[in-house]
Amino acid sequence: MVATGHSVEEGLVTSVTEYVRSYMSNYDGSHDFNHIKRVVGLAKFIHDHSPGSTTRDPQVVILSALLHDVGDKKYLKPGEDASTLVYELLLSLGAAEQLANRVQTVCLGVSYSSEIKDPARVQDLVKSHPELAVVQDADRLDAIGAIGIGRVFTFTGARTKASMADSIQHFHDKLLKLESMMKTDVGRELAKAKTEKMQEFLKWWDEEAAFSSGLPAAV
């Protein structure tokens, strides 16, 4: 993964990878290190296959994909400051201040809820930090499709007392909307296929639920 004018410090990436592996070891299966590895892989794919790769810093893409859930409010540890956690970590590992700032900014911009609250801010961030579009799309792609279905029920079971019906509602409240929020053409293409899988799953769910209740399935 090489872009003109940019290089990847493999030693830094290795150190961050080991930190994230340890940091997320106590996360539930919906947001574990396997999720991180998938997001990194998706981010690399989107970066490599999207126009403008020479204007993005591949190191910012990789580091942001690795660190995007460090400091997530759902898992934030006592005493941690999500607004500076990634920045301070990178500095401690020898990263340049400018790089640490960029990665911290991208990580703070990934959030779905933050974008819903202020979409214009995210659009502005993407203009100044084009790596955000890649990492955000990668993270959201892992939330949908077959793996996304598994993650929904894993999170519900691990973190809440909600019912399976509540999990199904989450598809309608959020997951089916993510395709329209993709920032890259590659992200949109992948999201379309993954969304179709979720729609088919929901169709099966409705059919089985109706059958077991003795009522006809909704049209």
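1. Nonpolar core. The largest nonpolar core of this predicted model holds 60 residues. Leu67, Leu90, Val103 and Phe171 have the most contacts inside that core. A nonpolar core here is a set of buried Ala, Val, Leu, Ile, Met, Phe, Trp, Tyr and Cys residues joined through side-chain atoms within 4.5 Å. Buried means under 20% relative accessible area, exposed over 50%, and partly exposed in between (1.4 Å probe, protein chains only).

2. Basis. This is a predicted model: local features need pLDDT of at least 70, side-chain atom pairs count only at pLDDT 80 or more, and totals for chains, interfaces and linings use all residues. Residues are numbered from 1 along each chain as its sequence is written, and side-chain values use heavy atoms, with hydrogens and water left out.

3. Leucine 90. Neighbours within four places in sequence are set aside here. Leucine 90 then touches Leu12, Val16, Leu63, Leu67, Ala95, Ala100 and Val103. Contact means heavy atoms within 4.5 Å. Two of these partners, Leu67 and Val103, are also listed with Leu90 among the core residues with the most contacts.

4. H4 against H5. Helix H4 covers residues 85-92 and helix H5 covers residues 97-109. Helices (H or I, at least four residues) are DSSP runs, numbered from the N terminus. The pair packs at an angle of about 150 degrees, with axes 8 Å apart. Axes are lines fitted to C-alpha atoms, for helices over the stretch in contact, and angles run from 0 to 180 degrees between N-to-C directions. H4 and H5 are therefore roughly antiparallel. The classes are: under 35 degrees roughly parallel, over 145 roughly antiparallel, 65 to 115 roughly perpendicular, the rest oblique. The crossing of H4 and H5 is right-handed. A crossing is right-handed if the near helix is turned clockwise from the far one by less than a right angle, and left-handed if anticlockwise.

5. H4–H5 residues. From H4, the contact uses Leu85, Val86, Tyr87, Leu90 and Leu91. From H5 come Glu97, Ala100, Asn101, Val103, Gln104 and Cys107. By class, this contact has eight nonpolar, two polar and one charged residues. Ala, Val, Leu, Ile, Met, Phe, Trp, Tyr, Cys and Pro count as nonpolar, Asp, Glu, Lys and Arg as charged, and the others, Gly among them, as polar.

6. H3 against H5. H3 and H5 pack at about 50 degrees, with axes 9 Å apart. That angle makes H3 oblique to H5. The crossing is right-handed. H3 supplies Gln59, Val60, Leu63, Ser64 and Leu67. H5 supplies Leu99, Arg102, Val103, Val106 and Cys107. The contact of H3 with H5 has seven nonpolar, two polar and one charged residues.

7. H9 against H10. Helix H9 (residues 145-159) and helix H10 (residues 164-173) pack at about 135 degrees, with axes 10 Å apart. H9 and H10 are therefore oblique to each other. Their crossing is right-handed. Ile149, Val152, Phe153 and Thr156 of H9 meet Met164, Ser167, Ile168, His170 and Phe171 of H10. This contact divides into six nonpolar, three polar and no charged residues.

8. H8. Helix H8 (residues 131-141) is mostly covered, with 11 of its 11 residues buried. The buried set includes the charged residues Glu131, Asp137, Asp139 and Arg140. Leu132, Val134 and Val135 are also among the buried residues.

9. Proline 130. Proline 130 sits in the loop between helix H7 (119-128) and H8. At 23% relative accessibility, proline 130 counts as partly exposed. Beyond neighbours within four places in sequence, proline 130 contacts Thr55, Arg56 and Arg102. Glycine 41 is 89 residues away from proline 130 in sequence and 18 Å away in space, C-alpha to C-alpha.

10. Other partly exposed sites. Serine 111 lies in the loop between H5 and helix H6 (112-117). Its relative accessible area is 24%, partly exposed. Serine 111 and histidine 68 are 43 residues apart in sequence but 8.9 Å apart in space, C-alpha to C-alpha. Glycine 52 lies in the loop between helix H2 (33-49) and helix H3 (58-67), and is partly exposed at 31%. Glutamine 169 is in helix H10, and is partly exposed at 38%. From glutamine 169 to glutamate 131 the C-alpha separation is 31 Å, across 38 residues of sequence.

Technical notes:
Helix = DSSP H or I, 4+ residues; strand = E, 2+ residues; numbered from the N terminus.
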